[in-house]
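Here is a quick tour for anyone meeting this structure for the first time. Take a look at the picture, then read on.

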Amino acid sequence: MEDLGLLLIRVMVGIVFMFYGSQKLFGLFGGHGIKGTGGWFESIGVKPGVPAAVLSGLGEFLSGILFIIGLFLPLAAAIITIIMAGAIVKVHGSKGFANGAGGYEYNLMLIVVAIGMALVGPGAFALGL
């Protein structure tokens, strides 16, 4: 049952990151695509915005895939941690803890889950490594 639980966590976290990566890279699910995200990145002081949007989008999308299949999980967790830490520093940190107020609660939870998964391992239902 533990392996099934790990699979469920991996799939959900992976879907979340593929979703956000798809918004940045392809403009799917209400996203603004690379140019729109790049412009927003520039507006919050992340420059150059378009390359940052590409890196962030690829990082989210690819780490989501790696999480789902359970391959190179420590690498995927590191990418997730870096991206979420950046979101806390640039956007959510100044708004306090509560997610409802735009705070960093959700970002921190994703960091903890990603690191926890890297420490525990992907479980039996994974490609491993």
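## Ground rules

Helices here are DSSP runs of H or I with at least four residues, strands are runs of E with at least two, and both are numbered from the N terminus. This is a predicted model, so local features need pLDDT of at least 70 and side-chain atom pairs count only at pLDDT 80 or more, while totals for chains, interfaces and linings use all residues. Residues are numbered from 1 along each chain as its sequence is written, and side-chain values use heavy atoms, with hydrogens and water left out.

## Two loops worth a look

P48 sits in the loop between α2 and α3. The peptide bond joining K47 to P48 is cis, with omega at about -5 degrees.

Over in the loop between α1 and α2 you'll find F29. F29 isn't a glycine, yet its phi is positive, at about 55 degrees.

## How α1 meets α3

Helix α1 covers residues 2-26 and helix α3 covers residues 49-69; they pack at about 155 degrees with axes 7 Å apart. (Axes are lines fitted to C-alpha atoms, for helices over the stretch in contact, and angles run from 0 to 180 degrees between N-to-C directions.) That makes α1 roughly antiparallel to α3, a label for angles over 145 degrees, with under 35 being roughly parallel, 65 to 115 roughly perpendicular and the rest oblique.

Which residues make up the contact of α1 with α3? They divide into 16 nonpolar, seven polar and three charged. (Ala, Val, Leu, Ile, Met, Phe, Trp, Tyr, Cys and Pro count as nonpolar, Asp, Glu, Lys and Arg as charged, and the others, Gly among them, as polar.)

K24 and E60 form a salt bridge, their closest N and O atoms being 3.0 Å apart. (The term means a side-chain nitrogen of Lys or Arg within 4 Å of a carboxyl oxygen of Asp or Glu.) K24 belongs to helix α1 and E60 to helix α3, so the pair ties together parts that are 36 residues apart in sequence. By this rule, the count comes to one salt bridge.

## The largest pocket

A pocket is an open set of points on a 1 Å grid over the protein atoms alone, where a 1.4 Å probe fits, with protein on both sides within 12 Å along at least five of seven lines; lining residues have an atom within 4 Å of a point. The largest pocket has 31 lining residues, and K24, W40, F41, S56 and E60 lie nearest its centre. Helix α4 gives the largest share of that lining, nine residues.
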